[in-house]
Amino acid sequence: MKAEKRFSRGLTFIQTYTFAKTMFDSFACCGAQRHNNPYAWRLEKGLAESDQRHRATTAWLYELPFYRGKRDLKGQIFGGWQLNGSLTLETGLPMHPTQNLKPVDDGCPRCNHRPDRIANGNLDSSQRTLNRWFDTSAFVTARGHYGNSGRNILWAPGLVNLDFAVFKNFPITETKEIQLRFESYNFTNRSEEHT
């Protein structure tokens with residue numbers, strides 16, 4: 001979904017929103033996680049590694065109306081300013097825990113073995129930290145059998161990002177100008193996560 005609004009005094013807003021769900025029944029390729037049990041691929045049905053459920057962006061551009069088009073000293077100093085910004089909100093990608101111990105000698109060197117799941121494993125947003133994003137006590141090492149933990153049952157951190165820019169345009173001729181830019185990516189300097 002996309003919405004765009006241009007106002008009469010140099011102000012423009014663009015808003016986008018995407019809702020999606022992607023599922024696979026085996027590994028997709030190109031860096032995606034390999035299967036847990038090479039004899040039961042039907043158990044691999046789950047969210048794809050690229051499943052990003054929600055993504056919203058807001059972008060704005062504001063050409064300040066002061067002294068617009070003036071070529072005198074005041075126009076050169078106070079005119080030609082432009083403010084830009086964009087805000088991106090994304091939910092995290094799905095993930096699942098793996099274990100280093102091979103639970104069954106199955107001759108599958110590329111399998112990603114998953115542990116047994118004994119509880120949900122997801123934490124409330126108030127309990128999450130960068131060092132503890134999910135409940136590790138909800139998983140135990142599988143031994144002698146393939147782990148029952150499903151594929152992509154947890155969510156990685158999402159993204160909140162704000163970019164901001166200030167431009168100053170200096171007209172040189174009717175068709176030429178010089179532009180001075182100040183651009184700041186991740187303007188708030190936050191690595192805020194959400195789901």
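Okay, let's start in the sheet: strand E2, residues 11-19, pairs with E5 in the antiparallel sense, over nine bridges. If you want one spot to look at in that pairing, take Gln15, which stands opposite Thr58 in E5. And before I go on, keep in mind that this is a predicted model.

Now let's zoom out to the sheet those two strands belong to. Six strands make an open sheet, and the order is E1-E2-E5-E6-E11-E12, with antiparallel pairing. So which strands stand at the edges? Those are E1, residues 2-6, and E12, residues 177-184; each has a single partner strand, so one side of each is left without a neighbour in the sheet. On average, neighbouring strands here are turned by 10° against each other, if you ignore direction. As a quick reminder, strands of a sheet pair through backbone hydrogen bonds, either parallel or antiparallel.

Let's go to the E1 end. E1 and E2 run antiparallel and are joined by five bridges. In that pairing, Lys5 stands opposite Phe13 in E2. The two strands form a hairpin with four residues between them, and in the turn you'll find Gly10 with a positive phi of about 85°.

Most residues other than glycine have a negative phi. Asn152 has a positive one, near 55°, and it isn't a glycine. Where does Asn152 lie? It's in the loop between strand E9, residues 139-140, and strand E10, residues 154-155. Asn152 is also buried, with a relative accessible area of 3%. Then there's Asn186, another non-glycine residue with a positive phi, near 55°. Asn186 sits in the segment after E12. At 25% relative accessibility, Asn186 counts as partly exposed.

Right, on to charges. Side chains of opposite charge can pair when their charged atoms come close. How many salt bridges does the count come to? Eight, and I'll walk you through a few.

Take Glu90 and Arg55 to begin with. Their side chains meet in a salt bridge, at 2.7 Å from N to O. Glu90 is in strand E6, residues 81-90, and Arg55 is in strand E5, residues 54-63, so this pair ties together parts that are 35 residues apart in sequence. Is Glu90 buried or exposed? Buried, with a relative accessible area of 15%. Arg55 is at 33% relative accessibility, so we call that one partly exposed.

Next, Asp51 and Arg53. The side chains of these two also meet in a salt bridge, with 2.8 Å from N to O. Asp51 is buried, and its relative accessible area is 0%. Arg53 is buried as well, with a relative accessible area of 16%.

Then we have Asp135, which forms a salt bridge with Arg132; the closest N and O atoms are 3.2 Å apart. Asp135 is buried at a relative accessible area of 17%, while Arg132 is partly exposed at 36%.

What's the handedness of the Cys108 and Cys111 link? Right-handed, with 85° about the S-S bond. Both Cys108 and Cys111 are buried.

Phe66, Tyr67, Leu73, Ile77 and Phe78 make a nonpolar surface patch of about 540 Å². Let's pick Tyr67 from that group. Tyr67 lies in the loop between E5 and helix H1, and that helix covers residues 73-78. Tyr67 is partly exposed, with a relative accessible area of 36%.

So, if you're going to open the model after this, here's where I'd send you. Go to the E2 and E5 pairing, with its nine bridges. Then find Glu90 and Arg55, the pair that ties E6 to E5.

Notes
Residues are numbered from 1 along each chain as its sequence is written. This is a predicted model: local features need pLDDT of at least 70, side-chain atom pairs count only at pLDDT 80 or more; totals for chains, interfaces and linings use all residues. Side-chain values use heavy atoms; hydrogens and water are left out. A salt bridge is a side-chain nitrogen of Lys or Arg within 4 Å of a carboxyl oxygen of Asp or Glu. Buried means under 20% relative accessible area, exposed over 50%, partly exposed in between (1.4 Å probe, protein chains only). Patches are made of residues with over 30% relative accessible area and no salt bridge: like charges are joined within 9 Å, nonpolar side chains (Val, Leu, Ile, Met, Phe, Trp, Tyr) within 5 Å. Accessible areas come from the Shrake-Rupley method with a 1.4 Å probe; for residues, only the protein chains shown count as cover. Two strands pair if DSSP finds at least two bridges between them. Axes are lines fitted to C-alpha atoms, for helices over the stretch in contact, and angles run from 0 to 180 degrees between N-to-C directions. A disulfide is a pair of cysteine sulfur atoms within 2.5 Å.
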